[in-house]
Amino acid sequence: MLKIAVIGLGLIGGSILKSLSESDWEIAAISKSSYDKAKSYTPYASDMIEDVRGADVVFVCTPMNEAKNTLKRLENIVSPKCIVCDVCSLKGFLEGGYKFNYIGTHPMAGTEESGFDASTNDLFQGAKWVITNHNAILEEIIKFMGATPVLMNAKIHDIAAAQISHLPMLISFALFNSVKSDEAKTIAASGFRDTTRLAMTNEVLAADMLKLNKKNIDKSIDLFLEALNYLKNLKDDERIEVLKNISQQRAQMYDKKGKNKFNPQ
């Protein structure tokens, strides 16, 4: 029977714990602040990272600015055969030689909320989950949680993350900050609400993303401004056709439940 440990019980770590608690595997949960709450889902909950000793698989779900240090600490705790994976939204900065089987991962799921109380047992249902190396055991666990593993190297992942995650977050902050009119805010409804949802991203996490992926984000900003200026400079009839085409592509990308169904041809 697999022994799986989860370090860090925020939105992602808590959701991993809650999902895997429905399995027959032995689950250990490690958190400085939420281990008491975790006891409702596993008897193996503590605030001591050393309690992951003997684990076959470890999910490191700490804040991004703590992940590197946590991985280094694990080198003196877990066995060389142990599969250790992080769930950070950036992969390149964590790559390097470790004394265990490191696999970078990124579950493409989440909400603007944070913390253990926001976590759910179905957060990953229908989601895609990036992995930087194939591993049958890890992929089995990911599939159990309802997600689909997607193989992608760290460099390509970080470029893609800048375009579809970090840039939208930055735009969300900028859009909200650009509206100075009290009248506009008074009548703002679902369009403005949904478009600025990512402006509620934890500011520490947002700052980490912008710092650690700056080069890729800057390139994404340039591409976005190019696309925006292209739309701005179209003639009215041309703009209608272009917007229609974009709308159709967007409609085909997600299913009725909002899950990404895009597959490259």
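Entry 1: I started at Thr105, which stands opposite Ile131 in β7. This is a predicted model, where local features need pLDDT of at least 70, side-chain atom pairs count only at pLDDT 80 or more, and totals for chains, interfaces and linings use all residues. Residues are numbered from 1 along each chain as its sequence is written, and side-chain values use heavy atoms, with hydrogens and water left out. The strand names come from DSSP runs numbered from the N terminus (strands are E, at least two residues; helices are H or I, at least four).

I then looked up how β6 (residues 101-107) meets β7 (residues 128-131): they run antiparallel, joined by 3 bridges. Two strands count as paired if DSSP finds at least two bridges between them. On to β8 (residues 148-151), which pairs with β7 in the parallel sense over 4 bridges. Here Ile131 stands opposite Leu151 in β8. To get from β7 to β8 the chain goes through helix α4 (residues 136-144), in a right-handed β-α-β crossover. Right-handed means that, with the strands pointing away from me, the path from the first strand over the helix to the second runs clockwise.

**Entry 2: β4 and its partners.** I found β1 and β4 paired in the parallel sense over 4 bridges, with Val58 in β4 as the bridge partner of Ala5. β4 also pairs with β5 in the parallel sense, over 4 bridges, and there Val58 stands opposite Val84. Which way do the side chains of β4 point? Val57 and Phe59 point one way, Val58 and Val60 the other, and all are buried. Buried means under 20% relative accessible area, exposed over 50%, and partly exposed in between (1.4 Å probe, protein chains only). In a regular strand the side chains alternate between the two faces of the sheet.

**Entry 3: helix α3.** β4, α3 and β5 make another unit to note, a right-handed β-α-β one. In α3 (residues 64-74) I listed Met64, Ala67, Thr70, Leu71 and Leu74 as buried. They sit on the same side of α3 because they cover an arc of only 100° around the axis, taken from the directions from the helix axis to the C-beta atoms. Their cover includes β1 (3-7), β4 (57-60), β5, β6 and α8.

**Entry 4: Asp86.** Is Asp86 buried or exposed? Its relative accessible area is 0%, so Asp86 is buried. Asp86 lies in β5 (residues 83-86). The Asp86 side chain makes polar contacts with the side chains of Lys91 (2.8 Å) and Tyr102 (2.6 Å). A polar contact is a pair of N or O atoms within 3.5 Å; within protein, one must be able to donate a hydrogen and the other to accept it, and residues adjacent in sequence count only if both atoms are side-chain atoms.

**Entry 5: Gly97.** For contrast I checked Gly97, in the loop between β5 and β6. Gly97 counts as exposed because its relative accessibility is 68%. Beyond four places in sequence, Gly97 is in contact (heavy atoms within 4.5 Å) with Lys72 and Glu75.

**Entry 6: helix α9.** Last stop: in α9 (residues 214-232), the buried residues are Asn216, Ile217 and Ser220. They cover an arc of only 95° around the axis, so they are on the same side of α9. On the other side, Lys215, Asp222, Glu226 and Lys232 are exposed. The buried ones pack against α5 (154-178) and α8 (203-212).
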